[in-house]
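Trainee: I would like to learn how to read salt bridges and helix packing in a model. Please take the features one at a time.

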Amino acid sequence: MITIRAYDEARQTKPTATPPREALAAAAIGRLPLIEARMLAWLACQAAAAQQATVRQLAGLPGPAGRPIGVKEAVQITCDLMDTGLVVVPGLTGAGLDQPLPVFTASYRRPETKVVEKRVEIVSTRHGTLRIVGTIGLLRIPAELPDDLRGRLLALGAEFRRIVTTGPGDLPEVIERHQRKADALREWERHPLGNERVRTEADRAQCAADAARQQYANQQAKQRTKKARTG
């Protein structure tokens, strides 16, 4: 079983320069809850070693009190991590227990593919009947939001779903994307259709943007220091 300590030891044995995607994952570990950090560390190990992962392996990672976290929670946590843009596991949802899945961390890229939006869904809420026209992460976007805000949320939802096939991109892209998501969700939160769940997702998006921004600043500082020493 690979733990955070094993991940750190594996990184220390690599004499070559650390690529940006591994550096981003390493910096984010300390900002995540323990179980999410453990999951991210294990996935980063797999990505760094160009190894695939299976749902059974994810489900076997230790959770509270050292017990395996199980399939349902493993898939949910991995989906949450993918939503942050720190890691990509194409084909995770709907995969069999022992189906090998590729693992990628920030900066991986593949050609874009067309994203098909969900059809309109009618739901009843405390605000009355709403028409759901799309999703962004775990949130369902109602048609009753202002046109501009609704359009930005739909575009962001499609953009985050494309990460599964195109990869998160470089750190500046990750920062910019998560900041746009956080700003849009804050605007939704202030709208009468906003709620606690929207606020929580906005907080998560802002945290992801701040973590990526700090990591990028650290990278730039290291590059300046290295340049000064060699100059």
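Trainee: Which residue forms a salt bridge with Arg204?

Mentor: First, the basis: this is a predicted model, where local features need pLDDT of at least 70, side-chain atom pairs count only at pLDDT 80 or more, and totals for chains, interfaces and linings use all residues. Residues are numbered from 1 along each chain as its sequence is written, and side-chain values use heavy atoms, with hydrogens and water left out. A salt bridge is a side-chain nitrogen of Lys or Arg within 4 Å of a carboxyl oxygen of Asp or Glu. Here Arg204 pairs with Asp80, with 4.0 Å between the closest N and O atoms. Arg204 lies in helix α8 and Asp80 in helix α5, 124 residues apart; helices are DSSP runs of H or I, at least four residues, numbered from the N terminus.

Trainee: Is Asp80 buried or exposed?

Mentor: Buried means under 20% relative accessible area, exposed over 50%, partly exposed in between (1.4 Å probe, protein chains only). Asp80 has 13%, so it is buried. Arg204, at 30%, counts as partly exposed.

Trainee: How do α7 and α8 pack?

Mentor: Axes are lines fitted to C-alpha atoms over the stretch in contact, and angles run from 0 to 180 degrees between N-to-C directions. Helix α7 (residues 171–190) and helix α8 (residues 196–230) pack at about 155°, with axes 8 Å apart. The two are therefore roughly antiparallel, a term for angles over 145 degrees.

Trainee: Which residues form a network of salt bridges?

Mentor: Arg186, Glu189, Glu196, Arg199 and Asp203 are linked in one.

Methods. Parallel < 35°, antiparallel > 145°, perpendicular 65-115°, else oblique.
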